[in-house]
Amino acid sequence: MNKLHAYPNNNLSNSRKTVRTPTYITTGTNILKLDPGIYSYEDSNASDEQKLAMGFPKGMWHSHIHVFGSWANAEKTKGYLTFIVEDMGDKTASKIYYRALSWESWTPWKVISMTDFSSLT
């Protein structure tokens, strides 16, 4: 058997069977310090200022946050990570936002979709 194609501990075959349930975060959580994973946020009572202080691109009250990559230090100031935030609260203008950390340098928030989720059938 070719050693390049031998995968004795291939755990990827089970990845389709794993249910990924989001972790719920609360107002005051710095989303730009989250560990890789899937998160959900909902708080219609928090102010836009509180939401912006959490690191959101705008004052959204209901969102899903996907974090990919890894931190290089315990302070969470260095690493290679991608943050994708889905604004789920505005059915007429829902957007998907993207931001990345490349070692110590952050990209600005960018809108990667302006599709209205409710119009997709």
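In the predicted model, lysine 76 is partly exposed, with a relative accessible area of 21%. This value lies just outside the buried class because buried means under 20% relative accessible area. Lysine 76 forms a salt bridge with aspartate 35, and the closest N and O atoms of the pair are 3.0 Å apart.

The structure holds three salt bridges in total. In another of these, the side chains of lysine 58 and aspartate 87 meet at 3.1 Å, N to O. This pair links distant parts of the chain, with aspartate 87 in strand S4 and lysine 58 in the loop between helix H1 (48-53) and S3, 29 residues apart. Aspartate 87 has a relative accessible area of 3% and is therefore classed as buried, while lysine 58, at 29%, counts as partly exposed.

A further salt bridge joins the side chains of glutamate 104 and lysine 78, with an N to O distance of 3.8 Å. Here too distant parts of the chain are linked: lysine 78 is in the loop between S3 and S4, and glutamate 104 is in the loop between strand S5 (96-103) and strand S6 (105-106), 26 residues apart. Glutamate 104 is exposed, with a relative accessible area of 52%; lysine 78 is partly exposed, at 27% relative accessibility.

Strand S3 (residues 62-71) contains serine 63. The relative accessibility of serine 63 is 0%, so this residue counts as buried. Beyond its neighbours within four places in sequence, serine 63 is in contact with Tyr39, Ser40, Tyr41, Phe56, Val85, Glu86 and Met88.

For the chain as a whole, the secondary structure consists of one helix and seven strands, arranged along the sequence in the pattern β-β-α-β-β-β-β-β. The chain has 121 residues, of which 28% count as buried. When contacts between residues at least 6 apart in sequence are considered, 39% join residues at least 24 apart.

Methods: Residues are numbered from 1 along each chain as its sequence is written. This is a predicted model: local features need pLDDT of at least 70, side-chain atom pairs count only at pLDDT 80 or more; totals for chains, interfaces and linings use all residues. Side-chain values use heavy atoms; hydrogens and water are left out. Helices (H or I, at least four residues) and strands (E, at least two) are DSSP runs, numbered from the N terminus. Buried means under 20% relative accessible area, exposed over 50%, partly exposed in between (1.4 Å probe, protein chains only). Contact means heavy atoms within 4.5 Å. A salt bridge is a side-chain nitrogen of Lys or Arg within 4 Å of a carboxyl oxygen of Asp or Glu.
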